[in-house]
Amino acid sequence: QVQLIESGGGLVQAGGSLRLSCAASGRTFSTFLMGWFRQAPGKEREFVASISRSGGSTSYADSVKGRFAMSRDNAKNTVYLQMNSLKPDDTAVYYCAADSRNYRFQEGYWGQGTQVTVSS
């Protein structure tokens, strides 16, 4: 069982930055692939970024490439999402996900989400 707790969301003006954190419980954090997803009002949840177990490989949605950066600290059981040059379209609830098997995260663990609101 893994519990994920996101933090760092808030209200920011367009062009600003936020850093989200996701703290995981358990001793096997380094065995999990990690991901960030988001869901805007009236829209389906969408992939934002993912990171390999070691942190050496990352993947991003085209909409955030060059603006967002995902990282992890296995010693702290935490993943981060640095979000720069934020746009109003980035407004959503951001969710952290963990899966020990694959990057689909369909059978993994999910956090409760943190709200990010970008004003124009």
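Which residue lies over the face of Trp 110? It is Arg 45, at 3.8 Å from the ring centre. Please bear in mind that this is a predicted model.

Trp 110 belongs to a cluster, linked by ring pairs, together with Phe 37, Phe 47, Tyr 103 and Phe 105. In total, five aromatic pairs are counted. One of them joins Phe 32 and Tyr 109: the ring centres are 6.0 Å apart and the planes stand at 70°, so this pair is edge-to-face. Phe 32 is in the loop between β3 and β4, whereas Tyr 109 is in strand β10, 77 residues apart, and the pair thus links distant parts of the chain. Phe 32 counts as buried because its relative accessibility is 9%, below the 20% limit. Tyr 109, at 27%, counts as partly exposed.

The pair of Phe 37 and Phe 105 is also described as edge-to-face, because the centres are 5.5 Å apart and the planes are at 80°. Since Phe 37 lies in strand β4 and Phe 105 in the loop between β9 and β10, the pair ties together parts that are 68 residues apart in sequence. Both are buried, Phe 37 at 9% relative accessibility and Phe 105 at 1%.

I turn now to the core. The largest nonpolar core has 30 residues, and among those with the most contacts inside it are Trp 36, Met 83 and Tyr 94. Elements giving two or more residues to this core include β4 (33-39), β9 (92-99) and β11 (114-119). Tyr 94 has contacts that include Trp 36, Phe 37, Leu 81, Met 83 and Val 116, leaving aside neighbours within four places in sequence.

Which residue of β11 is the bridge partner of Tyr 94? That partner is Thr 114. β9 and β11 run antiparallel and are joined by three bridges, whereas β2 and β11 run parallel, with four bridges between them. Within the latter pairing, Val 12 stands opposite Val 118.

In a regular strand, side chains alternate between the two faces of the sheet.

Thank you for your attention.

Notes
Residues are numbered from 1 along each chain as its sequence is written. Side-chain values use heavy atoms; hydrogens and water are left out. A nonpolar core is a set of buried Ala, Val, Leu, Ile, Met, Phe, Trp, Tyr and Cys residues joined through side-chain atoms within 4.5 Å. Buried means under 20% relative accessible area, exposed over 50%, partly exposed in between (1.4 Å probe, protein chains only). Contact means heavy atoms within 4.5 Å. Two strands pair if DSSP finds at least two bridges between them. Rings of Phe, Tyr and Trp (its six-membered ring) pair if their centres lie within 6.5 Å; planes under 30 degrees apart count as stacked, over 60 as edge-to-face and the rest as tilted. A charge sits over a ring if NZ of Lys or CZ of Arg is within 6 Å of the ring centre and within 35 degrees of the ring normal.
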